[in-house]
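Notebook open, structure up on the screen. I'm jotting down what I look up as I go.

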Amino acid sequence: MDGKFMFHLVLPFAIFCLIFKILNLDKLIENIKIKKIVRYSNCIIPIIPFLTLCYLFIINNENYHYVATHGSERLPIKFRISAVWAAREGPLLLWAACCSIISLINQIYSRSNKNQLSGKILDLFTLILLLIANSLDPFKLVPENALIISSGLNPLLQTNLMVIHPPLI
């Protein structure tokens, strides 16, 4: 299977898992161990699109439009990672990943029904973020004969504050 095709499936699969979780379809599973695995994996899978985008920036895969326009081989690794949130798609995926981590913590430590409603609201918010990110298409390929001249990350954004600012918020 082509690796480029796999990256196009990451975001829709995360959206599918969130819909599965929001609609409580895991209650149809009889086996308790499998049900637990499905619940935890549905919390973890929405983190994968952000990690995938970070990976593409770290290796500077310029086959992807988002990486080609905001990344550069000349950037140090910390600025390659911070280039992920230099435009719109990256921060949306970062927020979705953070919400998924909170949802996972809620899933692990929640014992009451009160937290289920807040978990559903958080999952719905994460779903909306992923749908918006999907419409922006962060994994769009550069056309075959296209020439994208990129200067990399804006020099004004190449500061240590840019590295910690979005994850800190």
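How many helices and strands are there in the protein chain? I find 8 helices and 0 strands, taking helices (H or I, at least four residues) and strands (E, at least two) as DSSP runs numbered from the N terminus. Along the sequence the pattern reads α-α-α-α-α-α-α-α.

Ground rules before I go on. This is a predicted model, where local features need pLDDT of at least 70, side-chain atom pairs count only at pLDDT 80 or more, and totals for chains, interfaces and linings use all residues. Residues are numbered from 1 along each chain as its sequence is written, and side-chain values use heavy atoms, with hydrogens and water left out.

**Overall**

I get a box of roughly 55 × 40 × 25 Å for the C-alpha atoms, along the principal axes. Of the 169 residues, 38% count as buried (under 20% relative accessible area; exposed is over 50%, partly exposed in between; 1.4 Å probe, protein chains only). Taking contact as heavy atoms within 4.5 Å, I see that 73% of contacts between residues at least 6 apart in sequence join residues at least 24 apart.

**Helix α6**

I checked the length of α6, residues 89-109.

Beyond four places in sequence, Glu89 touches Tyr66, Leu136 and Pro138.

**Aromatics**

Rings of Phe, Tyr and Trp (its six-membered ring) pair if their centres lie within 6.5 Å; planes under 30 degrees apart are stacked, over 60 edge-to-face, the rest tilted. I count 4 aromatic pairs by this rule. Phe13 and Phe16 are stacked, because their centres are 6.4 Å apart and their planes are at 25°. Both lie in helix α1, 3 residues apart, about one turn. Phe57 and Tyr66 are edge-to-face, since their centres are 5.4 Å apart and the planes are at 90°. Phe57 is buried at 0% relative accessible area, and Tyr66 is buried at 4%. Phe13, at 43%, is partly exposed.

Technical notes
The expected span of a helix is 1.5 Å times one less than its number of residues.
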